[in-house]
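This report covers selected local features of one protein model. Please have the sequence and the structure open while reading.

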Amino acid sequence: MPDRLRHEGIRRTNFCPIGGQSHVRTADAVMTVGPVRSLSMKRSTLAVAACLPLLSGLILQAPAQAATSTTVSATLSSSTVKIGSTTTVSGTVSGPSDRDVRLEVRLASGWRMLKASTTTSTGSYSMTAPSQWIGGHDLRVVAPAAGTATTGSSTARAFTVKPSWTPAGSSSDWRWLATDGDHPRYNPCRAISWKFNRNGGYAASLDDVKGAFHRLAQATGLTFTYAGTTSVVPSSDRYDRSTAITVGFVSSLSGNIAGRGGGTWSVHDGYEEMVHGSLALDRSEHLRTGFTSSGDATWGQIMEHELGHVLGLGHAAGSNQLMNGTASSRNHLMGAGDLSGFRAVGLHAGCIPNAVRTV
Ligand SMILES: [Zn+2]
């Protein structure tokens, strides 16, 4: 069983000046939202009063209707499921029919919409729950105000998606990539694009990279978008600036290192935002392709591990964790610590305000 060491990732800190400009934009928004709302309400009241004398002789004025509260019920077809199991959230909304409804999930930064739908003529709705995202989630259904009906919200429903395997080890067995106290992570509220340099890669290498991103999306709740090929050969300080993550093969990494991954982050507004990342794979290594749960290390396993560094995780202590520094037959699958780490760098951690990444 050959063990293969992998670099724990590149570490670079970049203080990006764009963060300052973003901060100014936020200050503007905060200053205008409150006053504009109260002003427009006053204006409409005045307009009605001024128009009434002119119109009263021409039309019958409809009596002012009192706002009615909205009641939203929400039931999950199952509160704990295995990943990929189709699960529905269904219920009813009081008030007008054909109302907009949206399914939301609770993040550290507040509630965020996952999907939207409308109620039927009888006021019922049904949506599929996010069963491809591993972990425990709080979900709710919101019906925005419609006519005289106010905005309504269901109570929060706990929903747990379990992996198809039993994660090994301790849930505390994970570390941040940064060793200086930073907690860099990508802004999870924007899709993360990536490009691939096919040069030197084996035939199915793109399929394996896509498979690794798919598995990481399941563990993090992040959205990754394949943006095509690139000619850039990735290294610790070289990446394609038209995309967030650059993946490719290099002629040789030192020793028995099969891959190297890491990223560059920007410190702003009290956050450490990952902006660019790179994953370099050693084409001279001879590994099995694809993913498996046993036997010798595979390229898919290496890619998943290195992308873990790209997303902001360091090495785990236990040899049964994917993020352990050695790829072996023991860590093909994510362990309990890996899943905790991926949750910490994933969507649950919440949106990063004034995010500077644009690709
Ligand atoms: Zn590593």
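The sections below treat a helix, a sheet, a loop residue and a disulfide in turn.

## Basis

This is a predicted model, in which local features need pLDDT of at least 70 and side-chain atom pairs count only at pLDDT 80 or more, while totals for chains, interfaces and linings use all residues. Residues are numbered from 1 along each chain as its sequence is written, and side-chain values use heavy atoms, with hydrogens and water left out.

## Helix H2

Helices (H or I, at least four residues) and strands (E, at least two) are DSSP runs, numbered from the N terminus. Helix H2 covers residues 205–220, and its 16 residues should span 22 Å at 1.5 Å a residue; the expected span is 1.5 Å times one less than the number of residues. The end C-alpha atoms are 22 Å apart, which agrees. Just after H2, Gly-221 has a positive phi of about 80°.

Buried means under 20% relative accessible area, exposed over 50%, and partly exposed in between (1.4 Å probe, protein chains only). The buried residues of H2 include Leu-206, Val-209, Phe-213 and Leu-216. Among the elements covering the buried residues of H2 are strands E12 (192–197), E13 (224–229) and E14 (245–250), together with helices H3 (299–310) and H4 (336–344).

## Sheet E3-E5-E8

Three strands form an open sheet in the order E3-E5-E8, with antiparallel pairing. Strands E3 (75–76) and E8 (124–128) are at the edges with a single partner strand each, so one side of each has no neighbour in the sheet. Two strands pair if DSSP finds at least two bridges between them; E5 (residues 88–92) and E8 have five, in the antiparallel sense. Thr-88 stands opposite Thr-128 in E8.

## Thr-119

Thr-119 is in the loop between strand E7 (110–118) and E8. The residue is buried, with a relative accessible area of 2%. A polar atom of the Thr-119 side chain lies 3.0 Å from the backbone nitrogen of Asp-98, and the side chain reaches the backbone nitrogen of Arg-99 at 2.7 Å. Leaving aside neighbours within four places in sequence, the contacts of Thr-119 (heavy atoms within 4.5 Å) include Val-93, Pro-96, Val-101 and Tyr-125.

## Disulfide

A search of the whole structure finds one disulfide, defined as a pair of cysteine sulfur atoms within 2.5 Å. The sulfur atoms of Cys-189 and Cys-351 are 2.0 Å apart. Cys-189 lies in the loop between strand E11 (157–162) and E12 and Cys-351 in the segment after H4, so the pair ties together parts 162 residues apart in sequence.

The S-S torsion is about -80°, so the disulfide is left-handed. Cys-189 is buried at 18% relative accessible area, whereas Cys-351 is partly exposed at 25%.

Terms used:
A polar contact is a pair of N or O atoms within 3.5 Å; within protein, one must be able to donate a hydrogen and the other to accept it, and residues adjacent in sequence count only if both atoms are side-chain atoms.
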